[in-house]
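These are my notebook entries on one structure. I set down what I looked up, topic by topic.

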Amino acid sequence: MKISVIINTYNAEKHLAEVLESVKDFDEILICDMYSTDQTVSIAKRYNCHIIYHEKLGYVEPARQAAINAATYNWILLIDADEVVPPALKDYLYEQIKKPDCPNGIRIPRKNYLMGKFVRCTYPDYILRFFKKEGTVWPSQIHMQPQLQGKVINTPLHRKDLAFIHLSNDPVKIMVSKANAYTDYEIGKRKNKKYAFFSILIQSAYRFFKFYVIKGGFRDGRPGLVYSGVYAFYKFMTIAKLWEVQFSYKDLEKDLKNLHNK
């Protein structure tokens, strides 16, 4: 049984060498690049990666399926260009695919960081990134997970040594910039969804409460408070932008018309 590692990239030179070092002993590394302008492709070539290209888009999901289709082997480990695969996870996956009752997919936890601190309120952040190629479809909308047939399991929750190490450690300005960009793409996915007047406050407040209180962000000090606030603001912006699309008020046009008629 063999495993293909897939990494979608665009200008990913910052962490790519460290990520590739962590997966170099898998059977195949396939890079699906969106025509990077930095050293991404050069780094990939140093690791003898199989490289294909996809048109540059504002988010990665439409390129996921193209990469899956191009993989050589039927077992796929799909990671981002800032996610390190620990040795224990590699061993665990190879052990699983040898079993006769191996599931068709495995959700893997991820350790996220802010200000250099492991933000426990985001853990385990399970994501479905290991699966059989056959029968898997990755939807093209933003922030989607693959759709597959058959049994899907989570890695054992107590095994933190199986978690991806998420290297991004984004500064706050990058988190806010990404939130602004990603909420633009949420509009297409949610354009027919209706939100009541006070939902913008209620849902944003719940998002903050969920991360800071329920998931224990208060234990993470300042990073936990900031993380919870940014993700609450993400919900606020999503609803605000949807309202902007769904409702068209005429006060500005009316005032301008009155001004010109004077």
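**Entry 1: cysteines.** I took a disulfide to be a pair of cysteine sulfur atoms within 2.5 Å. By this rule I counted zero disulfides. Cys102 is buried at a relative accessible area of 15%. Cys121 is also buried, at 0%.

**Entry 2: basis of the values.** I note that the model is predicted, that local features need pLDDT of at least 70 and side-chain atom pairs pLDDT 80 or more, and that totals for chains, interfaces and linings use all residues. Residues are numbered from 1 along each chain as its sequence is written, and side-chain values use heavy atoms, with hydrogens and water left out.

**Entry 3: the seven-stranded sheet.** I used DSSP runs, numbered from the N terminus, for helices (H or I, at least four residues) and strands (E, at least two). I counted two strands as paired if DSSP finds at least two bridges between them. In what order do the strands of the open sheet of seven run? I read the order as S3-S2-S1-S4-S10-S6-S11, with mixed pairing. Strand S3 (50-53) and strand S11 (152-154) are the edges, each pairing on one side only. From one strand to the next the twist averages 25 degrees; I took axes as lines fitted to C-alpha atoms, for helices over the stretch in contact, with angles from 0 to 180 degrees between N-to-C directions.

Within this sheet I looked at strand S1 (residues 3-9) and strand S2 (residues 28-33), which pair in the parallel sense over six bridges. Asn8 stands opposite Cys32 in S2.

**Entry 4: helices on the sheet.** For contact I required heavy atoms within 4.5 Å. Helix H3 (residues 61-70) packs on the sheet and touches S1, S2, S3, strand S4 (75-80) and strand S10 (127-132). The direction of H3 makes about 150 degrees with that of S1. Helix H4 (residues 87-97) lies across S1, S4, strand S6 (105-108), S10 and S11, and runs at about 160 degrees to S6.

**Entry 5: the three-stranded sheet.** I found an open sheet of three strands in the order S5-S12-S7, with mixed pairing. Strand S5 (83-84) and strand S7 (110-111) form the edges, and each pairs on one side only. S7 pairs with strand S12 (residues 164-166) in the parallel sense over two bridges. Arg110 stands opposite Phe164 in S12.

**Entry 6: nonpolar cores.** I defined a nonpolar core as a set of buried Ala, Val, Leu, Ile, Met, Phe, Trp, Tyr and Cys residues joined through side-chain atoms within 4.5 Å. Which members touch the most others in the largest core? Of its 33 residues, these are Ile3, Ile7, Leu20, Leu77, Ile79 and Phe130. Several elements each supply at least two residues of this core, including helix H1 (13-23) and helix H2 (40-46). H4 gives the most, with five residues. Apart from this core lies another of 15 residues, among them Leu30, Cys32, Ala63 and Ala67.

I also listed the contacts of Ile7, leaving aside neighbours within four places in sequence: Val19, Leu20, Ile29, Leu30, Ile31, Cys32, Ile79, Asp80 and Ala81.

**Entry 7: salt bridges.** I counted a salt bridge where a side-chain nitrogen of Lys or Arg is within 4 Å of a carboxyl oxygen of Asp or Glu. The structure holds ten. Arg129 and Asp80 meet in one of them, at 3.2 Å from N to O. This pair links strand S10 with strand S4, 49 residues apart. Arg129 is buried, with a relative accessible area of 5%.

Asp125 and Arg110 form another, at 3.0 Å from N to O. Asp125 lies in the loop between strand S9 (117-118) and S10 and Arg110 in S7, so the pair ties together parts 15 residues apart in sequence. Asp125 is partly exposed at 25%, whereas Arg110 is buried at 13%.

In the salt bridge of Lys241 with Asp184, the closest N and O atoms are 2.7 Å apart. Lys241 is in helix H7 (residues 221-246) and Asp184 in helix H5 (residues 172-190), 57 residues apart. I found Lys241 buried at 15% and Asp184 partly exposed at 45%. Through shared partners, salt bridges join Arg64, Asp80, Glu83, Arg110, Asp125 and Arg129 into one network.

Methods
Buried means under 20% relative accessible area, exposed over 50%, partly exposed in between (1.4 Å probe, protein chains only).
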